[in-house]
Amino acid sequence: MTDIESNPLTGQPAPAEGYVTADGRQIGGVLMDLRNITLRFGGVEAIKNISFDVREGEIRAIIGPNGAGKSSMLNVISGFYVPQEGEVWFKGYKRGPMRPYEVARLGIARTFQNIALFDGMTVLDNIMTGRLNKTKSGFLSQALWWGAAEREEIANREQVERIIDFLEIQNIRKTPVGRLPYGLKKRVELARALAAEPQILLLDEPMAGMNVEEKEDMSRFVLDVNDEFGTTIVLIEHDMGVVMDLSDRVVVMDYGRKIGDGSPDEVRNNQEVIDAYLGVAHD
Amino acid sequence: MFYREAGNFKTSYRDDGQTFPIKLDRMGYYVILGVAAMVVPFVINDYWASAVLLPFLIYAIAAIGLNILTGYAGQVSLGTGGFMAVGAYSVYKLMTAFPDLSILIHVLLAGGITAMVGIAFGLPSLRIKGFYLAVATLAAQFFLVWLFNKVPWFYNYSASGQITAPERTVLGWAVTGPAASPAAKYLVCLAFVIFAAWVARNLTRGMIGRKWMAIRDMDIAAEIIGVNPLTAKLSAFGVSSFFVGIAGALLFAVYLGAAEVGEAFGINKSFLVLFMVIIGGLGSIFGSFAGAAFLVLLPVFLKNVLVGVLGWPTDLAAHIELMIVGALIIFFLIVEPHGLARLWQLVKEKLRLWPFPH
Amino acid sequence: MDQLFYASEVFINGLMTGVMYSLVALGFVLIFKASGVFNYAQGVMALFAALTLVGIMEGQVPFSHLINATFGTHLSNFSWTVGPVVAILLTAGVMVLLAIVIEKLVLQHLVGQEPIILFMATIGLAYFLEGLGDVMWGADIKTLDVGLPQGISDTIEQATANWFGYGFFIDRLDIWATIIAALLVAALVAFSQYTKQGRAMRAVADDHQAALSVGISLQFIWIMVWSIAGFVALVAGIMWGTKSGVQFSLSLIALKALPVLMLGGFTSIPGAIVGGLIIGVGEKLFEFFVGPMVGGATENWFAYVLALIFLVFRPQGLFGERIIERV
Amino acid sequence: MAHLAAPAHADLQSIPALLARNADRLGNRPAYREKEFGIWQSWTWHEAAEEIRALALGMLVLGLKPGDHVAIIGRNRPAHYWSMVAAQMCGAIPVPLYQDAVAEEMAYVLGHCGARFVVCGDQEQVDKVLEVQSMPDAPRNVEQVLYTDKRGMRKYDHSHMNALSDVQAEGRAAETRLGEELDRLIAGLDYDSTCVMLYTSGTTGKPKGVVLSNRNIIETAKNTSEFDGLNHRDEVLAYLPMAWVGDFIFSMGQAMWTGFTVNCPESAATMMTDLREIGPTYFFAPPRVFEGQLTNVMIRMEDSGRVKKWLFDRYMKVANRVGPKLLDGKSVGFGDRLAYGLGKVFVYGPLKNTLGYSRIRVGYTAGEAIGPEIFDFYRSLGINLKQLYGQTEASVFITQQPDGEVRSDTVGVPSPGVEVKIAENGEVFYRSPGTFVEYFQNAESTASTKDAEGWVATGDAGFFEESSGHLRIIDRAKDVGKMADGSMFAPKYVENKLKFYPNILEAVVIGNGRDYCTAMINIDLNAVGNWAERNNIAYASYQELAGHPQVYATIKEHVEAVNASVAEDEMLAGCQIHRFLVLHKELDPDDGEMTRTRKVRRAVISDKFGDLVDALYDGSNSVYTETEVTYEDGRKGKIKATLRIEDVQVFGQAQAQKVAAE
């Protein structure tokens, strides 16, 4: 935990009021706080001074037109991009510069916009990789398949099988992922992320390219994940309807700026958001 | 056709995860193991040992090693010859420096030393990818060969610049040196092959193997879901080199008896092992065996036909052999780029579905 | 002071060797750009071209060994010899033919395979061509003389001796080779920039699909590129063959071109040229200064280690752009 | 373990008693397996007994009283079988329901039995029960809803809702408090206590609750297990609806009696894979399953290479000739034996293996007539497939075929302990220890079905074959009618012949009281679709394919062939089909055209498709029609079509024999 500094002010998460959603879910305090994030590629500013927080147990959506910087934002959270300015606070601690795999260890898992499964492996093995941070057995133990290695493998398998069951992908368990149709691949990716038992789950356009039925399935799974495992979810989505149905709070981005933040209803009635979505010329 | 899988169900994850989940395969495996360990030693002769079995077993170890690096972890290496040389010179130095220690320990230590060297040469893989890395591994190949050639300490200042294996015994049986019997040599190599295959299987079925494959299939995604690329890649280089080092040590100590580095461990060795892995099948331990068998047997077969049957001069036969090997490699890549292992898998699949086509 | 002159001489020699490296590297880059194939057989193609050239010039009967072994005959040479220019043209023809055969029999069937598979196929091709060359023309070392001037240039030695008080030893062949190589490079660059075929070639290199959709025949481009690579191999074969005889080691120059590629980038023509020069000069200087301390023969590995160290600090090579990774 | 098959001891007069015996004697043998989470989760008899006891105690905690009804709705899962036994332990009566029943059906049944407890498989079924409960005129008798799968259940009001595992935990905690009471309740069960109540779907009217006592179930299980030599090493796959009496007898009665292992598939979708993995030794499937598999085999063989096809054709011929004889233990020449042996290596063995039938010792089919080719196909492979005849009221078994006396056109001899007699009008009556106690709260129906001496009318017409003593069933007794000219009309007989063609899925023959017979036909989308694919015939829907001229031509050939065969039988020659049409939609239980067990509801059909029937008899060549359909999601819609009517050749008797001879 050397990469984490204590909050110099309080040493504790900011005391934030939780709230209860319409369907009775308890939303807790601030789990992650992004403060004044700015990200540049060369001279281009992909994210301009954005701040928002994510509360425990909520479904937080980031929406915005193409090229608004949504994916970059997710990449900042997952440690893939290091912002030039700004701070990421997680569980009350400021996150130092970290490699993505270290971020993963903190309990942040994600899926990708363009499916990033391991094509050479079966569905089962793909999902099992999600549990690699839960694996403690040493190299020698694994090489000789002694005690801990086998026990852990079986324990991991049990967990993974529950997720397989949860996402209803039992019949493709041993299929190489390369052969799966798009919709199922997305589901397997979600399974892999879930296998890590994350505290925050980042979903990068989970419904992109799906038909209506698949979208409905996926929406149901996202809600179920949030509901059953209490996982905090940050999702990027293009489909306004889906976002409005799923999320508790929404951040709206446009050209790297934040132009709206609030409940779906608030965001829907925000003039700037309406302009951005209706394509009113930018000045 | 021969498979009877009805009623072959698994009631635990342990059963489900075993190497040969199908009963018939499992039985076949035990039969092969039994024959290899209990029948072959009694019928083996010098010709079979030196022309076929020893090179097959030794190259199988090297192929398993390279397959871990290239097939599982996706890091192409052209430095296998160089790493085998490290194994050979390590075992030589160890054998001469600690003559009382068992040769088996020497070989394992030689593997360990090679693993260290492999990790050192694997460091660039963190920055360099794909072909750049492949070419970079040639640096290891050329540098190591040059090193063993130019630094007399490595060959104990021998006048010829060669290294020669002294006689060492296991349980009283000579396994190196001129007095070693084919059966003894064979059994030593067999033991190491079984060990290598078993360890490789254990590693590749578990989390370490998944990390390797994750890096191979999509390195960025792998890192984001939590694979540390440093440890994943370096462990692949280490394990791979460990096996390659053992193969090099056995090749020198048990098989050749004496070696000159440029000749025994040149760039052609690197290619030979790489061919074995590609023809056998990337990412398959069975493939490593199949590839080694194929490329060990093919020249023997061709030589027997061209020189023995057709009576051609040996140099011409050697050239024709080059052509045939080259053409066969191309042919294989065209017909089945995933190698003999995939071919075997397809055949098996056909047999399992028999009489149905799908 | 002498040390400095020595070094300069080594430097100039290195530059000239470097040009030769560049030439071979260029063959790699061309094929890699146009077809994504990392052609390991480039070196063997040079050997094969040189063998063929010698064989034609001397009027050897192709496959004489094989024919003799099969039918018990004693063929060796036809009664004629062929002049260098005609022989070079004929050899170039053979190389084009080879390009066509490779395209039809190998590449066409490997479309869409992973790069590593294509790479392996070219290693197979290298084996095949090496065997074929030996079977066709015999494996003995041959001398090649197409009339290029050879030996130490007296003019330069005297001129420099007069100017600096130190006579530079520079091989005339190297000078010619440099000039020819430079011309060839210029011609290739001009070809790819200013001709229709050249532009098509670059289009294919940029994007196969797009090129196909505007009606460029991929097959034609591949044959063309392999022909050009064959021609480059022929020129390289002539140079190296003239210098050190036509023999198997000639094919190893291809390996020398690999670090050049790493340094310059697999897709950059200027990279191949600059990289070649750096490697040529670097390895000669290293051998000159450091070689004696470590037992010599450092040329075997210096280029690789240099390229390796370089890449660790700049993975995209000399001329590559910084890669921004995305997910 | 031969002592297991000893006659029912005084102590063994209930399922819980049998469970206790199994836990005692077969403690470490597998009792239940279920494919879940990728492997076969297993419970020994000992473990199963513990689970069941915990569940029973938990039910007591929740207030289950003797005489209560416990409805069970869900797919075949060990937990659901356990729920039934647990309910029995408490003196309550398990009532398994069809899980795909629509809300109205379920409302009726739940209300009729007055179930206080309902065990549901998952959220879907819980929702259905809640929906039923909230219907305006629904009886609100359900007090406790238990569910097996916790998924999605967090948000529900849990005041009257519990997960089975939680109930079990409660039960384990209550062992000291309620253990004795439970033991007393178990001890109170005897041979005449009700074992289970099963609702018959019935081809007409409301479902009736068939009350079966322990005597019914245990005697039947004992007799039939002995008949086929079933023992504790056998394996069955429990995949048939739990509400069906067959499943109760096989997976509960016989399993408890012999102590064999009940294997539950992961889901309906993976049934075939699971079947193959388990490789049951004792197997039951309705004809349509065998039919479907055979069609599947043939379709897959069409795509296979020449060598395999040749081997298959060649050795299936050998099998047809030799297989059944070998199975019946008749003598076979050495050459044939050798050929059959080779066939076993190349074809039969692998085929049985891929189908999952390698280990079958005893297989049964029943419910509908099975096509002779289909039946022979499986028999010739060396699978001991037999037929039985039965019904819910008989605890299944009325007649069954002994080993070595198996034919496709009979249903065998009376099962042990069963008496069978044929009434004047041809209707089959039986009397047995398995005969049901009564229809629940329906004395009228009970009286009309079961007379004072215990004889029960089956409603089927049939006769005993003189030569073999086997029973042959012609048709439903009430469906056997008279044509206008007074000759016999047996629609089912003809329909079955039609359905033996893979291309024909269902057929409805009409003709009672009319001058001649006509038929409405459903094509098999699988078989015909595959044929269309191979012949490059594009089609967008069932309707389009059904109306295709080539399809019509093929069906016409089939109908004519059937006519020829019907004409051979003097009594039934009048049942030849003169005109037919191919229906524009598949008959569907959701539309009420069939029962859940896929039996055609004649009355519904002749009413619903009245316009089509009229057209079949008014001589027209085509007819326009609109039909209401129910989609999977419950919405309703209309489909419209113009159907062609085809005339078919009919045969005289002599003529038919000639055709048959050719």
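How many residues of chain B are in contact with how many residues of chain D?

## The interface of chains B and D

In this predicted model, 21 residues of chain B are in contact with 29 residues of chain D, where contact means heavy atoms within 4.5 Å. Residues are numbered from 1 along each chain as its sequence is written, and side-chain values use heavy atoms, with hydrogens and water left out.

The area buried between the two chains is about 2,200 Å², and carbon and sulfur atoms give 61% of that area; buried area is the accessible area (1.4 Å probe) that two parts lose on being put together, summed over both. Of the area that chain B buries against chain D, 30% is supplied by Phe9(B), Trp354(B) and Phe356(B), more than by any other three residues.

## A salt bridge

The rule finds one salt bridge across this interface, a salt bridge being a side-chain nitrogen of Lys or Arg within 4 Å of a carboxyl oxygen of Asp or Glu. Glu5(B) forms a salt bridge with Arg276(D), and their closest N and O atoms are 3.5 Å apart.

## Helix H6 of chain D

In helix H6 of chain D, which spans residues 164–173, the buried residues are Leu164(D), Val167(D), Gln168(D) and Gly171(D); buried means under 20% relative accessible area, with a 1.4 Å probe and protein chains only. Helices are DSSP runs (H or I, at least four residues), and strands are DSSP runs (E, at least two), numbered from the N terminus.

Seen down the axis of H6(D), these buried residues fall within an arc of 100 degrees, so they line one face of the helix; the arc is that of the directions from the helix axis to the C-beta atoms. Among the elements that cover the buried residues of H6(D) are helix H2 (45–61) and strand E5 (117–120) of chain D.

How values were computed. Chains are lettered from A and ligands numbered from 1 in the order in which they are written. This is a predicted model: local features need pLDDT of at least 70, side-chain atom pairs count only at pLDDT 80 or more; totals for chains, interfaces and linings use all residues. Buried means under 20% relative accessible area, exposed over 50%, partly exposed in between (1.4 Å probe, protein chains only).
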